[in-house]
Amino acid sequence: MSLIDLPASHPAAHAARTEETSHDFVFTASCRDRVGIIHAVSQFLAGRGLNIREHQQFDDTVNAKVHLRTAFHSDTPLRAAQLREQFRPVAERFNMGFQIRDSKPTRTLLMVSKSGHCLNDLIFRWRTGTLNAQIPLVVSNHEDLRPMAEAAGIPYLHLPVNAGNRAAAEARLLELIQEHRIELVVLARYMQIFSDELAAGLKGRVINIHHSFLPGFKGARPYHQAHARGVKLIGATAHYVTADLDEGPIIEQEVIRVDHSHDPRALAQAGQGAECQALSRAVQWHCEHRVLLEGSGTIVFR
């Protein structure tokens, strides 16, 4: 999901990438289910010589809605904006919310604090070409992970945050989003809370990761708390950020079974692995436009 969907009045709206021509695109849509939707989409694509490479749909019989994701290819270079404008009459006929995006790597800002396991994992996947993202910048409220980012050739910006400068720090973050044309922000164990205004302004464009003990074991030393209670399952949750702390729409979760032989350190190590797995999958699916927001939840086309 790109920042092009932000209200024009929002400061980050101008961060949208200047659309270039492309050969590969992804169409996503949601609307009330009725006869003719798939035919209309297919007819639109076929009439323009666009070849469907992948199609998935979810028929939500509970809410009488249908959700679609269609990847397609053009032999000649096109702009997504042009296709969106041409498809608009079809969308209006079905009262359809839709988006057409190119398949180019998503410009992604990584934000971290002191724990580096998620940052290291995402950098590795990016460097090996398995993450459909560009990473122009890492931002942190600490200096600890600068060597890790710079060793990978990624600029690292130290942006301290405290009670006295929080508003100024968020304003600077929005400037960076605009300057680097950021489309996705990933909180890769970034231990600061966004203001309600920032979370709302970047709705559907910020992914967070945390251990799945919440809300059971809040605060410091959660793995020690879990060990004391004798937990048998640990895991991690990747979700979109909202004004409700750690309660945004869930994209992915990873679960690992443990037992009495796991001390707090072993639990934490297993938990870090779960965080890396859940976060990397969530980021990849977002960058491939496989995630549709639906109310307080998500539709994920894997």
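Here is a quick report on the overall build and the nonpolar cores of this protein chain.

We're looking at a predicted model, where local features need pLDDT of at least 70, side-chain atom pairs count only at pLDDT 80 or more, and totals for chains, interfaces and linings use all residues. Numbering runs from 1 along each chain as its sequence is written, and side-chain values use heavy atoms, leaving out hydrogens and water.

The chain carries 8 helices and 13 strands, which are DSSP runs (H or I, at least four residues; E, at least two) numbered from the N terminus. Of its 302 residues, 51% are buried, that is, under 20% relative accessible area with a 1.4 Å probe, protein chains only.

Now for the cores, meaning sets of buried Ala, Val, Leu, Ile, Met, Phe, Trp, Tyr and Cys residues joined through side-chain atoms within 4.5 Å. The largest one has 33 residues, and Leu122, Val138, Val186, Ile207, Leu279 and Val283 have the most contacts inside it.

A second, separate core holds 23 residues, including Phe25, Leu50, Leu78 and Ala91.

Back to Val138: leaving aside neighbours within four places in sequence, its contacts (heavy atoms within 4.5 Å) include Leu110, Leu119, Ile154 and Tyr156.

Note on methods
Buried < 20%, exposed > 50% of the residue type's maximum accessible area, 1.4 Å probe, protein only.
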